Number of protein chains: 2
Amino acid sequence: MKAKVYVTLKAGVLDPQGKAIQHSVELLGYGGIADIRQGKYFEIALDDSIDQEHARAAAERMAREVLANPIIEDYRVEVEA
Amino acid sequence: MKAKVYVTLKAGVLDPQGKAIQHSVELLGYGGIADIRQGKYFEIALDDSIDQEHARAAAERMAREVLANPIIEDYRVEVEA
């Protein structure tokens, strides 16, 4: 059972790392870029003894309590068998 | 037009950051975790004048040339209108 957690900055929170990447790729000649934002991505492999419902609950709890800072970040959880 | 780029370490490449997160969450009492790997996630907003085909091509090129290190990382690109 694998859970994927995507963590992104909330809209409106400044993302200097994304801005730096945007600036760099524009210097390299890429055009038409309105904005780049960087987030984090986690792949959590869970023991096969855990069913899908519990896997989702565990991943949601980890995302909320450890992986994301809910004051400035949003998170999204996907679970696949 | 928005492109999403997911960058992950190739299988077999050591991920000390993921291991540190796994160790931390286990200390916090989470059980049943076989493995955690951390990756990167980029949201690229492209000008609306760019059609889906060109958006995908630009995002693929950026992922290959700038956002990922193809020696140790894999990437996946998704484009949505």
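These questions and answers go through the contact between two chains and some pairs within them, in a predicted model.

Reader: How do you know how much area chain B and chain A bury between them?

Author: The value is the accessible area lost on being put together, summed over both parts. Here that is about 2600 Å², with 61% of it on carbon and sulfur atoms.

Reader: What polar links and salt bridges are counted between chain B and chain A?

Author: There are 12 residue pairs in polar contact, both residues at pLDDT 80 or more. Salt bridges between chain B and chain A number 0.

Reader: Why are β2 of chain A and β2(B) called paired strands?

Author: Pairing requires at least two bridges. Strand β2 (residues 33-46) of chain A and β2(B) are joined by 13 bridges, so they pair; they run antiparallel. E43(A) has R37(B) as its bridge partner. L46(A) stands opposite I33(B).

Reader: What makes β1(B) and β2(B) a pair?

Author: The same rule of at least two bridges applies. β1(B) and β2(B) have 6 bridges and run antiparallel, so they pair. In β2(B), Y41(B) is the bridge partner of Y6(B).

Reader: Why is the aromatic pair of Y6(A) and Y41(A) called stacked?

Author: Centres must lie within 6.5 Å, and planes under 30 degrees apart count as stacked. Y6(A) and Y41(A) lie 5.2 Å centre to centre, with 25° between the planes, so the pair is stacked. The structure holds 5 aromatic pairs over all chains.

Reader: What does the pair of Y6(A) and Y41(A) tie together?

Author: Y6(A) lies in strand β1 (residues 2-9) of chain A and Y41(A) in strand β2 of chain A, so the pair ties together parts 35 residues apart in sequence.

Reader: How do you know that K4(A) and E80(A) form a salt bridge?

Author: The cut-off is 4 Å between a side-chain nitrogen of Lys or Arg and a carboxyl oxygen of Asp or Glu. For K4(A) and E80(A), the closest N and O atoms are 3.7 Å apart, so the pair counts. The pair links distant parts of the chain: K4(A) is in strand β1 of chain A and E80(A) in strand β3 (residues 73-80) of chain A, 76 residues apart. Over all chains, the structure holds 14 salt bridges.

Note on methods: Residues numbered from 1 in each chain as written. Chains lettered and ligands numbered in written order. Predicted model: local features only at pLDDT ≥ 70, side-chain atom pairs only at ≥ 80, totals over all residues. Heavy atoms only, no water. Buried area = accessible area lost by both parts, 1.4 Å probe. Polar contact = N/O pair within 3.5 Å; in protein donor to acceptor, adjacent residues only side chain to side chain. Helix = DSSP H or I, 4+ residues; strand = E, 2+ residues; numbered from the N terminus. Phe/Tyr/Trp six-rings, centres within 6.5 Å; stacked < 30°, edge-to-face > 60°.
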